[in-house]
Amino acid sequence: MTNLLIGFDSAWTSEKRGAIVGVVQEDDGRFWELGPPRTVNFKEAANTISEWQTERRPVATIILLDQPTIVTNDAGQRPVEKLVSSPVGRRHGGMQPANTARADMFGPEAPVWEFLELFGGVADPLNPKADTQVFETYPVLAMIALGWELPDKRPTGRLPKYNPERRNPFSIADWRHVCDRLSEKIATRQLSCLVAWISEVRAKQSPCKKDQNGIDACICLLVALYLVEQKDCLMVGNTDTGYIVVPHGDGLRRELDERCKEAHLDPPLWVRTFTLSAVHQHHAATGAGHRP
């Protein structure tokens, strides 16, 4: 029995291309690689996932998508973004708002909805039921959870400036910092092909947006690894107005709890620590058990 784990940085619209990367987890816990990140649009990503599913016949497919998957507001930020933008802003970062007025991203014809429909809709992290599950994640928040900030006059540190499209704030030292932290995490899973790819893009003097998309896809994959290994993760938000899943971080959890109180929200309803154990129970109940 196998699990197919996928990280997908979608780039949000049909015109732009992001990146996708996948690995297979065998029932003895070992991981098998499916190559370095691929540059894809939504249609190409869906075809790639379907091909992997046909070839590998996994018991479960877990997709971590770097794009809002539940958007019910017609303006401004989603409630989850109002929470998450606080720790992001403290570290000199920004967060794009998701709303249906941004028609190419979240209007009725936006490509994300067809993609989600193909793979069973938006999964509930607290009650996963389908064999194919799509969860929303956010690489920047994952970096905060994992403690990848850089030293700064602010006690929280600052986020790495690693987007090569933003040449003014971009820092090659920050780029290498992100690559190094990611490589360390990937190497512990013996994913030598991905480690080699990260090393290759790390060495570039002028990385491009395509390289960053691949790095973000790998960070999404890392969140999938945390989920399937049944490590503690955080779910911020809810399945009514939108949520984000990242690895658990004590400091991030405390910041988000405080932000909830400032916003007059009940922290236990908006910031929850969980493990993805329910999916294993589901398969065991149907005679298709597997272990991480």
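Predicted model: local features only at pLDDT ≥ 70, side-chain atom pairs only at ≥ 80, totals over all residues.
**Stop 1: α6 and α7.** Select residues 172-187 for helix α6 and residues 192-202 for helix α7. Their axes lie 9 Å apart, and the packing angle is about 170 degrees. Angles over 145 degrees count as roughly antiparallel, so α6 and α7 are roughly antiparallel to each other. To see the contact, show the side chains of W175, R176, C179, D180, L182, S183, I186 and A187 on α6, then L194, V195, I198, V201 and R202 on α7. Colouring this contact by class gives nine nonpolar, one polar and three charged residues.

**Stop 2: α5 and α8.** Next select 139-146 for α5 and 209-228 for α8. Here the angle is about 55 degrees, with the axes 9 Å apart. That angle makes α5 oblique to α8. The crossing of α5 past α8 is left-handed. On α5, pick P139, A142, M143 and L146; they meet D216, I219, C220, L222, V223 and Y226 of α8. By class, this contact has nine nonpolar residues, one charged residue and no polar ones.

**Stop 3: the largest pocket.** To find the middle of the pocket, select Q96, N163, R166, K209 and Q212, which lie nearest its centre among the 36 lining residues. The space in this pocket is about 1,000 Å³. Coloured by class, its lining shows 14 nonpolar, nine polar and 13 charged residues.

How values were computed: Residues numbered from 1 in each chain as written. Heavy atoms only, no water. Axes fitted to C-alpha atoms, helices over the stretch in contact; angles between N-to-C directions. Helix = DSSP H or I, 4+ residues; strand = E, 2+ residues; numbered from the N terminus. Parallel < 35°, antiparallel > 145°, perpendicular 65-115°, else oblique. Contact = heavy atoms within 4.5 Å. Nonpolar A, V, L, I, M, F, W, Y, C, P; charged D, E, K, R; others polar. 1 Å grid on protein atoms, 1.4 Å probe; cavity = no way out; pocket = protein on both sides within 12 Å on 5 of 7 lines; lining within 4 Å. Points joined across faces, edges and corners; volume = space filled by probe spheres on them. Left-handed = near helix turned anticlockwise from the far one by under 90°.
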